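Colleague: I would like to learn how to read a few features of a protein model, one step at a time. Could you take me through them slowly?

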Amino acid sequence: MKIIKSTGLLLFIAGFSIFISTFFTANYKLSDDVLSAQLGDAAKVESFKEHADFMDESIPSNFAFVAKLDGVFNSVNQEKLSQFGISEAEVDKLVNSNQGKFDISTISLFGDDETGQYKQKTFKDYGGWLDGREFGSQEEMQSQISNVVENIKKYQIVNEKGFDKYKIKDLKYSITKASSLGKVSDSPGLFLLLTYVLCIIGALMYILPKIEDGPPGIKNDGIFHSAMKNVGWLGILTGSFLIVFYIVLYFYPEYMTNWIIMVDPVSQFLKGSDAGRFFLYGFIYTLCILVMGVRMIIKYRHSKYQIVRTFSVMFFQTAFAFLIPEILLRLNQPYFDFKNIWPLDYDFFFDNELNTLMANGSIGIFMLGWGIALIIIGVPVFVYFFGKRWYCSWVCGCGGLAETLGDPYRQLSDKSLKAWKVERWMIHAVLAFAIVMTGGVLYTYWTGSSELFGVSSYDVRSVYGAWIGAGFAGVVGTGFYPLMGNRVWCRFGCPLAAYLGIVQRFKSRFRITTNGGQCISCGNCSTYCEMGIDVRWYAQRGQNIVRSSCVGCGVCSSVCPRGVLNLENADPDSRFSEPLLIGNEGVKING
C-alpha cells in the first residue's frame, strides 16, 4: 500500500508540475486576423495598429505581451482624449462667453468641423441640463462645466473612440488567448491528459489505500502536528497558491490563457465553443469535489449520513452547477444554475441577466420564476423542515468544496467568543449590503436612472462584485482553507447562509440534540466543527444546539465516540422528535 501511495503522490506531483510549467511555456504573436476578429471595429483596429510596433512579432513572455497591449490601449486612449476631449482653454472660453447664466448655444465656439461637432454633441448629451441655469459666480459655473467635461472623457470618448477599462480587461484576455502559440495551443488534448488525468490518477492512488488504514472511524493521529493541516509550511504554501490562483482568475485572466486552452476540448464537447476562464474554474472545481469526495467517503465510511451527503454534493455540483448550464448553452438557451439562489447568486437581478432571461421566451420566464420561487418559498419551507443543512451541506457548491477539498482543514476554525461576535456582524452586514445593492439594481432596471440618493447603482454593484463576489467568496473563501478553516466564506460572508440562518434560528424543526450524561468531554465535536461552534460546551450541559450558523454537516455526531450528538427534526411546539437521520454508528436515531 505504501508503494501505491508513493507512486500516486509522484504522479500527482508530476501532473501538477506540468500544469504549473505551462503557465510560462508559450510564445505570443499578434496578427491582423486576430486583431480584426477581437476588436471588430475597423476604425479601432487602425488606431490600435498605429500604436502597435509588435504586430507579427514573436514575444516569448506572457507578461511582456500583456504589457505591450496595455501600452497600446493607453496610447490610443490618450490620443483620442487629446483629439476629441474639450481642453481647459476651451472651458475657459465657454465660461467667459456666459455671464451668470449658461446658454447652451455658446458651445458653437468648439467649431463646425468633425471634431467640433462631436464636442458639441457630447456636451449636449452630458451637459444639456446646464442650459438656462444661473450661477452665483463664474467659478461655480466653471466647476460644473469641468465636471461635465470629465464625465465626457471618462464615459464617452474612451468608450466610443477608444477603449474603456472593462473592454480593455476583456480584450487583453481574448487577444492574448488568440495570439498564443506553442505546444499547449498545438496539442491541448495531450496536455489535458498530462496534467488533469495524471493528477486525478495520482490523487486516487494516494487516497484509495486509506480504506485499509485500520477500522472505520475518525482518526486524530498527528492532526495538529501536520505541516499541511495545522498551518505549517505546506499548508501556507497551499493557501498561497490558492490565493494567487483566485486573484489571477478574477482580476488577471490574461495570464492564465494556457490553462484555459488546455480545457478547450472539454468545452467544445459540452457546449460547442472554446472555454473561458469560468469554464476552467468550473471544471477544476468539479474535479476537486469529485476526487476529494472519494476521500470524504472513505474517511467517514462509518457514517451512512456522511456517505449520502457527500454523494449529494458531488451530484449537485457535477450535474446542476457544471454540466446542465453548459449543455443549455449548446442548445442556445441561457446559462442557468438551477441550484444557485439569491443573494449568493448576487447578479441574478442584474439588468443583463434579466434581459437575457426575458428575451428567451417561456424557458427564460420559467428560469426567472424558479429563481424567485426558491428565494421566497423554497428557502423558508425547506429550512423549516430540514434546517439550513438542506442547502449548505447537501446542495451548495461552496459548501460542497468546503466539505470535500476543505475537510482536512475543518479543525482550524476559530472557536473563540470573539470570532463568534465578528461572525455575526460580518455575515449580516454582507446580507444587508446585498439587499441594498439589489434594490439599487432593480431601481435602475425599472426607472433607467442609475443615481439613487446621490450614489450610482453601477458603482455599488461593481464594489460588491469585486470585494464580496470575487475577493471574499473566492480569494479569501477558498484561499484561506489551510489558514483559517474550510468555511471562512460560509461563516463570515455568505449572504444566503445569513438568510438561511435567520430562518433556522427562529423557525426551524432542525436541531442537534445532546445527551450530557454520556459526554466524556473529549472535544472531538468542537475540534471538527467547521463553523466554529463550541459543541462540547452544549454537550456537557445537555443543551440542544440551535445556532443560526450551524450547517448541519453532522461531522460532530460522526466523530463522537459515545453517540452523544444526534441530528433531529423536532416540532418546535412539541417536546417530541421524530426518527430522522443516521447516527455515528450507522443506525437510526430515534427521538
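Modeller: Let us begin with position, where helices (H or I, at least four residues) and strands (E, at least two) are DSSP runs numbered from the N terminus. Val559 lies in the loop that runs between helix 27 (555-558) and strand 6 (565-570). This is a predicted model, in which local features need pLDDT of at least 70, side-chain atom pairs count only at pLDDT 80 or more, and totals for chains, interfaces and linings use all residues. Residues are numbered from 1 along each chain as its sequence is written, and side-chain values use heavy atoms, with hydrogens and water left out.

Colleague: Is Val559 buried or exposed?

Modeller: Buried means under 20% relative accessible area, exposed over 50%, and partly exposed in between (1.4 Å probe, protein chains only). Val559 has a relative accessible area of 2%, so it is buried.

Colleague: Which residues does Val559 touch, not counting those up to four places away in sequence?

Modeller: Contact means heavy atoms within 4.5 Å, and on that basis Val559 touches Ile218, Tyr300, Asn524, Cys525 and Tyr528.

Colleague: Which residues touch the most other members of the largest nonpolar core?

Modeller: Such a core is a set of buried Ala, Val, Leu, Ile, Met, Phe, Trp, Tyr and Cys residues joined through side-chain atoms within 4.5 Å. The largest one here has 68 residues, and those touching the most other members are Ile341, Tyr391, Leu496, Leu500, Ile512, Val535 and Leu565. Helix 20 (residues 417-447) gives the most to this core, with seven residues. A second, separate core of 41 residues includes Val248, Met262, Leu280 and Tyr409.
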